[in-house]
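I am opening a notebook on this structure and will write down what I look up, entry by entry.

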Amino acid sequence: MAFVCMVGFAAALAKATLVPSPDSVDLVHTNLHPGRSLRTYIDQPAFRDTVQQIGGNVLLGAPFGVLLPMLVPRARGAVRVAVVTALVMVAVETVQGLIVEGRAFDIDDVILNTTGALLGYVVVGRRLGHALYPRRRHWWHRWTRRGTQPPPAA
């Protein structure tokens, strides 16, 4: 089920980010300076546009934080989720900037997407990942507090 959701999310991500926008060609500029686009978003006169830009990018990353720990047990952990999400989003932004007309690379989008993935992981993904893949008991747990606790009931 998680795999089907990830495939669906990948299709939605591609549709949302890789669709050409020829009308925006003159308005779009590559941003390699963290915070520059965020300031632009915040300084917009319409609060709705600010929420749409920032919230949309955060929401776009959240499914990674939820689905990644369910699909790849070794990707559990906030740092791993952040790194994988950031790498994927850098790839998406690079494709946007190089291939898609009317779109550009924006480092702030990567930061917001990664923030969304971390929020998704903390709120839901961590619990789901541990529910599907309980922690292993290693040999050194014999001498630790964790090794003396009885195993959880099935």
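**Entry 1.** In which helix is Asp-109 found? I looked it up in the model, which is a predicted one, and found Asp-109 in helix H5. I then checked its accessibility. Asp-109 has 11% relative accessibility, so I put it down as buried, the cut-off for buried being under 20%. Its side chain makes a polar contact of 3.1 Å with the side chain of Asn-57. Setting aside residues up to four places away in sequence, I noted that Asp-109 touches Tyr-41, Asn-57 and Glu-93.

**Entry 2.** I stayed with H5, which runs over residues 107-132. Which residue caps its N-terminal end? I found Asp-106 there, with a side-chain oxygen 3.0 Å from the backbone nitrogen of Asp-108. Further along, I noted a bend of about 55° in H5 at Tyr-121.

**Entry 3.** Next I looked up Ser-37, which is in helix H2, residues 36-42. Is Ser-37 buried or exposed? I recorded it as buried, because its relative accessibility is 10%. The side chains of Ser-37 and Asn-31 are joined by a polar contact of 3.0 Å. Apart from neighbours within four places in sequence, Ser-37 is in contact with Asn-31, Asp-106 and Asp-108. Asp-106 is the residue I had already noted as the cap of H5.

**Entry 4.** I then went to Gly-35, in the loop between H1 and H2. Gly-35 has 14% relative accessibility and therefore counts as buried.

**Entry 5.** I turned to helix H1, residues 2-17. From first C-alpha to last, its 16 residues reach 22 Å, close to the 22 Å expected at 1.5 Å a residue. Which residues of H1 are buried? I listed Ala-2, Met-6, Phe-9, Leu-13 and Thr-17. They lie on the same side of H1, because they cover an arc of only 60° around the axis. The buried residues of H1 pack against helix H3 (47-71) and helix H4 (78-99).

**Entry 6.** H3 has 25 residues and reaches 37 Å between its first and last C-alpha, close to the 36 Å expected at 1.5 Å a residue. Its buried residues include Thr-50, Asn-57, Gly-61, Phe-64 and Leu-67. Asn-57 is the partner I had written down for the side chain of Asp-109. Among the elements that cover the buried residues of H3 are H1, H2, H4 and H5.

**Entry 7.** Last, I looked at the largest nonpolar core. How many residues does it have? I found 18, and those with the most contacts inside it are Met-6, Phe-9, Leu-13, Phe-64, Leu-67, Val-81 and Met-89. The elements that give two or more residues to this core are H1, H3, H4 and H5. H3 gives the most, with five residues. I followed up Val-81: leaving out residues up to four places away in sequence, it touches Gly-65, Leu-68, Pro-69, Ala-75, Ala-117 and Tyr-121. Tyr-121 is where I had noted the bend in H5.

Definitions and conventions:
Residues are numbered from 1 along each chain as its sequence is written. This is a predicted model: local features need pLDDT of at least 70, side-chain atom pairs count only at pLDDT 80 or more; totals for chains, interfaces and linings use all residues. Side-chain values use heavy atoms; hydrogens and water are left out. Helices (H or I, at least four residues) and strands (E, at least two) are DSSP runs, numbered from the N terminus. Buried means under 20% relative accessible area, exposed over 50%, partly exposed in between (1.4 Å probe, protein chains only). A polar contact is a pair of N or O atoms within 3.5 Å; within protein, one must be able to donate a hydrogen and the other to accept it, and residues adjacent in sequence count only if both atoms are side-chain atoms. Contact means heavy atoms within 4.5 Å. The expected span of a helix is 1.5 Å times one less than its number of residues. The arc is that of the directions from the helix axis to the C-beta atoms. A nonpolar core is a set of buried Ala, Val, Leu, Ile, Met, Phe, Trp, Tyr and Cys residues joined through side-chain atoms within 4.5 Å. The bend at a residue is the angle between axes fitted to the seven residues ending there and the seven starting there.
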